[in-house]
Amino acid sequence: MRRGIRIRLRLLSGILIVFAALIVLRLYFVQVVHGADYALRAEKQYISASQELFNRGTIYFTRKDGSLLSAATLSTGFTIAMNPEQVVDAEEAYTALAAHIPVDRAEFLTLAAKEDDPYEVLARRVPEEVGEAIEQAKIPGIRVERER
């Protein structure tokens with residue numbers, strides 16, 4: 001009888017050890033192997049979650065003759081932001097960005113030197129065609145986010 005209990009205890013111990021090893025292995029893959037990917041996903045989620053795109057439609061006034069006059073509409077634009085940690089060459093990034101939007105050089109270089117701050121807004125409500133041009137330029141460290 002005692003022998004049967006010992007076998008069961010060893011079997012149960014073995015199963016628990018294997019289960020613990022699997023959990024430790026999974027944690028290793030999540031934190032060490034894929035940690036950078038999850039950190040990047042989390043950063044994008046944090047930055048983009050501050051403002052959701054919405055569509056409320058258009059608000060009209062009605063004239064006395066019954067015709068409609070647009071009172072309020074939504075326009076789509078872009079927010080241009082920078083992640084100083086990802087800027088490879090600040091001077092080159094400034095030159096590429098200044099070709100599209102007016103940016104103060106001294107302020108840009110000051111913001112680019114902040115390596116402990118992952119998000120700095122450079123411009124808001126940038127027209128759609130300018131935002132798309134900046135996005136196509138693929139300037140390292142510069143983010144283009146759609147806004148309404």
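E145 is buried, with a relative accessible area of 13%; buried means under 20% relative accessible area, exposed over 50%, and partly exposed in between (1.4 Å probe, protein chains only). The side chain of E145 meets that of R143 in a salt bridge, at 3.6 Å from N to O. A salt bridge is a side-chain nitrogen of Lys or Arg within 4 Å of a carboxyl oxygen of Asp or Glu. The structure is a predicted model, in which local features need pLDDT of at least 70, side-chain atom pairs count only at pLDDT 80 or more, and totals for chains, interfaces and linings use all residues. Residues are numbered from 1 along each chain as its sequence is written, and side-chain values use heavy atoms, with hydrogens and water left out.

**Overall architecture**

- The protein chain contains five helices and five strands; helices (H or I, at least four residues) and strands (E, at least two) are DSSP runs, numbered from the N terminus.
- Along the sequence, these elements follow the pattern α-α-β-β-β-α-α-β-α-β.
- The protein chain has 148 residues, of which 21% count as buried.
- Among the contacts in the protein chain with a separation of 6 or more, 66% are between residues 24 or more positions apart; contact means heavy atoms within 4.5 Å.
- The accessible surface of the protein chain is about 11300 Å², and 56% of this surface belongs to carbon and sulfur atoms. Accessible areas come from the Shrake-Rupley method with a 1.4 Å probe; for residues, only the protein chains shown count as cover.

**Salt bridges**

- The count of salt bridges comes to three.
- One of them joins the side chains of E91 and R105, with 2.7 Å from N to O. This pair links distant parts of the chain, for E91 lies in helix α3 (residues 90-98) and R105 in helix α4 (residues 105-112), 14 residues apart.
- E91 is partly exposed, at a relative accessible area of 33%, and R105 is also partly exposed, at 40%.
- Another salt bridge is formed by E120 and K114, whose closest N and O atoms are 3.6 Å apart.
- In this pair, E120 is buried, with a relative accessible area of 12%, whereas K114 counts as partly exposed at 34% relative accessibility.
- In the salt bridge between R143 and E145, R143 counts as buried at 16% relative accessibility, and E145 is buried at 13%.

**Aromatic pair and nonpolar surface patch**

- The structure holds one aromatic pair. The ring centres of Y28 and F29 are 5.8 Å apart and their planes stand at 85°, so the pair is edge-to-face.
- Rings of Phe, Tyr and Trp (its six-membered ring) pair if their centres lie within 6.5 Å; planes under 30 degrees apart count as stacked, over 60 as edge-to-face and the rest as tilted.
- Y28 counts as partly exposed at 44% relative accessibility, and F29 is partly exposed with a relative accessible area of 35%.
- Y28 and F29 also belong to a nonpolar surface patch of about 650 Å², which is made by V18, L22, L25, Y28, F29, V32 and V33.
- Patches are made of residues with over 30% relative accessible area and no salt bridge: like charges are joined within 9 Å, and nonpolar side chains (Val, Leu, Ile, Met, Phe, Trp, Tyr) within 5 Å.
- V18, one of the patch residues, is located in helix α1 (residues 2-33).

**Residues with positive phi**

- R125 has a positive phi of about 55°, although R125 is not a glycine.
- R125 is placed in strand β4 (residues 120-126) and counts as exposed, at 73% relative accessibility.
- K138, likewise a residue other than glycine, has a positive phi near 50°.
- K138 lies in the loop between α5 (128-137) and β5 (142-147) and is exposed, with a relative accessible area of 68%.

**Surroundings of S70**

- S70 is found in strand β2 (residues 68-72) and is partly exposed, with a relative accessible area of 43%.
- When residues up to four places away in sequence are not counted, S70 touches T58, I59 and Y60.
- S70 and T58 are 12 residues apart in sequence, and the distance between them in space is 7.1 Å, C-alpha to C-alpha.
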